[in-house]
Amino acid sequence: MNYRSFCLFLVLLLLTTGTAIAQESTESPEPSPQLEIMPFEGLDRTYALYIPSTYDENEPSGLLLLLHGSGGQGYPMIASTNLAAQAEQTGYILVAPDGIDGYWRYLDIYAEEDGVDDMAFLVALIDHLSEQYNVDQNRLYVFGFSNGGVMALRMRCDLADKLAGVVSLGATPTFGLSQVCLDADPFPTMIVLGTADEAMPWQGDAEVVDGVMYSSFSMSQTVGYLNSLNGCDPTPSYMGAISTEDSAIEVYLTDFEDCSGNPGNVYVALVDYNHNWPFGVRVATAGGNVGDFADILWTFFAANPRADDGNQEDE
């Protein structure tokens, strides 16, 4: 998907949903997610669930799985962001589960050590909600922040035949994860990272703490790694600023579309921004409209539905 296509999707999204800047704050009703419990493998797994008022049981709805960062909870992923406003406009169901002890075990070794299989739980949760609601199986997406972003990238590797797209905010692949995902199928992925991120540094990181190595790819390594999995040409289809002059954060987007017939990848840089939800982002579109960070996410989702045969549709 080139930048012109990206902008076109964003224009159409803004026109059809009536998204306005004010929806991020005063004009958006306070979302009230339901708190639910699902017994799984001997544990009561909890999650926040938001069913938009526009939900119609006769019409398939997209599903967005939201994964919090380390030490966090699912509820604020819905209640403290602008995602519910987008869900109201687009009819998406939002689900934000809680990791055990506030953490997602994205490597098998962590799951085995703690006896907590988060991957199996998340798949079971998606299937459970698909039984309870009319969920469009071609519009299953995952958004993760920080530790949740790394978990989202693990799901990208294992569930290419189930999911339609993955977005990671404030997280790049770890070196351990990169080894697990060497044989992963091509899959559309968006990486969003602050250039001043201290938890997941833009330039990458590797350190040993108490005999354990903690690591993360640099943005450059991330681009090379994920693009190689998708067979992308090293020259981007577009690279440039998409933020408006009044945006609180300067935003640059790099789009790789030429990927040997496979899905492309999108990389978003938040200039001088640290490790948090990017409130205050304002992005320009080809039609002169203005969107926010949630609009960027939904534009990516809209451009990457999964075809019935399990492959990405050619937009």
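Student: In which sense do strand β2 and strand β4 pair, and over how many bridges?

Tutor: Two strands pair if DSSP finds at least two bridges between them. Strands (E, at least two residues) and helices (H or I, at least four) are DSSP runs, numbered from the N terminus. Here β2 (residues 43–50) and β4 (residues 93–97) pair in the antiparallel sense over 4 bridges. Tyr50 stands opposite Leu94 in β4. This is a predicted model: local features need pLDDT of at least 70, side-chain atom pairs count only at pLDDT 80 or more, and totals for chains, interfaces and linings use all residues. Residues are numbered from 1 along each chain as its sequence is written, and side-chain values use heavy atoms, with hydrogens and water left out.

Student: What is the strand order of the open sheet?

Tutor: Its 10 strands run β1-β2-β4-β3-β5-β6-β7-β12-β11-β10, with mixed pairing. The edge strands, β1 (34–40) and β10 (238–241), each pair on one side only.

Student: At what angle do helices α5 and α6 pack?

Tutor: Two packed helices are described by the angle between their axes and the distance between the axes. Axes are lines fitted to C-alpha atoms, for helices over the stretch in contact, and angles run from 0 to 180 degrees between N-to-C directions. Helix α5 (residues 118–132) and helix α6 (residues 147–158) pack at about 75°, their axes 11 Å apart. Therefore α5 is roughly perpendicular to α6 (65 to 115 degrees).

Student: Which residues of α5 and α6 make the contact?

Tutor: With contact meaning heavy atoms within 4.5 Å, Asp118, Met119, Leu122 and Ile126 of α5 meet Met151, Arg154, Met155 and Asp158 of α6.

Methods. Parallel < 35°, antiparallel > 145°, perpendicular 65-115°, else oblique.
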